[in-house]
Amino acid sequence: MLSNNISVGANGNLTFAGYNTVELAQKYGTPLYLMDETMIRERMRVYKKALADFFPNGSVPEYASKAFSCKRIYQIAAEEGINVDVVSPGELYTAFKAGFPMERCFFHSNNKTDADIEFAINHGIGCFVVDNTDELTAIDSIAKKHSINQRVILRVTPGIDPHTHKKISTGSEESKFGMSIKTGDAEKAVKIALKLENISLEGLHCHIGSQIFESDPFVTAAQLMTEFMVKIRNEYSYTTETLNLGGGFGVKYVENDPEIDYYERIREVAQKVKNICENENFPMPKILMEPGRSLVADAGMTLYTVGGVKEVKGYKNYVSVDGGMTDNPRYALYGSQYTIYNATNADKEPDYVATIAGRCCESGDLIQEDVKIAKPERNDIIAVATTGAYNYSMASNYNRVARPPVVMLSENGDYLAVKRETLDDLIKLDI
């Protein structure tokens, strides 16, 4: 099986996090998002321990909540003692309503409006990750109005191409995110930030992309960022106390994807930063990292019910399910690969080649093409693994399809974290 939280039960049904998936489908209905709470907590602890072991006090992971945002995930992050980052007033408000400590919340986004900034300050945001100089001066102005000194970190693009999908690569010079070291924009922003009266510049941030398996891009980014910090110290007498290295470590979606030892990857990055700091007589900064996908992706699974099996002779076979691009748009967007099981007959040989098709009136509404599964029948349960990241958070109501519920699977039982949308929910904002 793809990961150690997936197995086959004695009755031939697929199990996930120790739970019978067919029974869960019967209990909650489908489509259904499942989240393995135990795995999420374990991953948070791995990152927290690695940063504590290899970096100075105060080094801590920040959950990148765009991967999966609901009140319960912020509560889990708070219980595990990690920070969070948010990218919109909606994510910020969800964290706030979940009781997450706002002083440990970092606000990203490449286009924060004045209203966004005002909203964040009114809710006690801990720190802004600043994308551009216009935003920097706007934060200063609004902070002055509130008579506060606002903590900020500047987002810098180090010019790294991690050779990932171009739509999830964010560290190159042409990225819409951050300010380039190469062009001098990053240095200009530092000069401005140091002069603003209501800004407290705490450090620098970079994020080079997502679904990266090799350690080299992260090590290179750490080197470039550390060298830039040394330059800023030497030219502006400002010593960076915090370096946020972003997220982006990959996860296993299919069998040929490598497995990552996250603890070891962080150790490798730490060694590079340490070496440069020692050579330049520069104090080791506090390190922040922003894991998102690697905390929740393989802690998730989506269940569907088969509606029909259509065999187009001489061409291909289709297995239609009761979900699709409304609950998982990633195949339509990126051609993302997934591992798929016939959860009802997980003990049978996966020798039937089929395309898993969604229910939307859209030819591109596919979950995966030409996968091997045990031949399904109507009302069998289909399971798609590694759907904990960028599935619920990217879900839509296209075709007026209601979004599925989220069920947490814990050592103490299964429980709803997000209710299933109803048809009345779909029209409640209509006038």
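Here is a quick briefing on the side-chain contacts in this structure. Keep in mind that the model is predicted. A search of the whole structure turns up 10 aromatic pairs, and the structure also holds 18 salt bridges. Its largest nonpolar core has 103 residues.

**Aromatic pairs**

- Let's start with Tyr33 and Tyr392, whose ring centres sit 5.9 Å apart with the planes at 85°, so this pair counts as edge-to-face.
- These two tyrosines come from distant parts of the chain, 359 residues apart: Tyr33 is in strand β4 (residues 32–36), while Tyr392 is in the loop between β19 (381–385) and β20 (406–410).
- Tyr33 is buried, at 3% relative accessibility, whereas Tyr392 is partly exposed, at 22%.
- Next up are Phe54 and Tyr263, a tilted pair with 5.0 Å from centre to centre and 55° between the planes.
- Phe54 belongs to helix α2 (residues 37–54) and Tyr263 to helix α9 (residues 262–279), so this pair ties together parts that are 209 residues apart in sequence.

**Nonpolar cores and the surroundings of Phe128**

- Inside the core of 103 residues, the ones with the most contacts are Phe128, Leu154 and Val296.
- Another core, of 21 residues, lies apart from the largest one. Among its members are Leu2, Val22, Leu32 and Tyr341.

**Salt bridges**

- As a bit of background, side chains of opposite charge can pair when their charged atoms come close.
- In helix α2, Asp53 and Lys49 are four residues apart, which means about one helical turn separates them.
- Those two form a salt bridge, with the closest N and O atoms 3.0 Å apart.
- Asp53 is partly exposed, with a relative accessible area of 38%, and Lys49 is partly exposed as well, at 46%.
- Lys145 and Glu118 make another salt bridge, where the closest N and O atoms are 2.8 Å apart.
- Lys145 lies in helix α6 (residues 133–145) and Glu118 in helix α5 (residues 114–122), so the bridge ties together parts that are 27 residues apart in sequence.
- Lys145 is exposed, at 56% relative accessible area.
- Arg72 pairs with Glu79, and here the closest N and O atoms are 3.4 Å apart.
- Arg72 is buried, with a relative accessible area of 16%, while Glu79 is partly exposed at 48%.
- Arg72 and Glu79 also belong to a network: salt bridges with shared partners join them with Glu37, Arg41, Arg45 and Glu80.

Terms used
Residues are numbered from 1 along each chain as its sequence is written. This is a predicted model: local features need pLDDT of at least 70, side-chain atom pairs count only at pLDDT 80 or more; totals for chains, interfaces and linings use all residues. Side-chain values use heavy atoms; hydrogens and water are left out. Rings of Phe, Tyr and Trp (its six-membered ring) pair if their centres lie within 6.5 Å; planes under 30 degrees apart count as stacked, over 60 as edge-to-face and the rest as tilted. Buried means under 20% relative accessible area, exposed over 50%, partly exposed in between (1.4 Å probe, protein chains only). A nonpolar core is a set of buried Ala, Val, Leu, Ile, Met, Phe, Trp, Tyr and Cys residues joined through side-chain atoms within 4.5 Å. A salt bridge is a side-chain nitrogen of Lys or Arg within 4 Å of a carboxyl oxygen of Asp or Glu.
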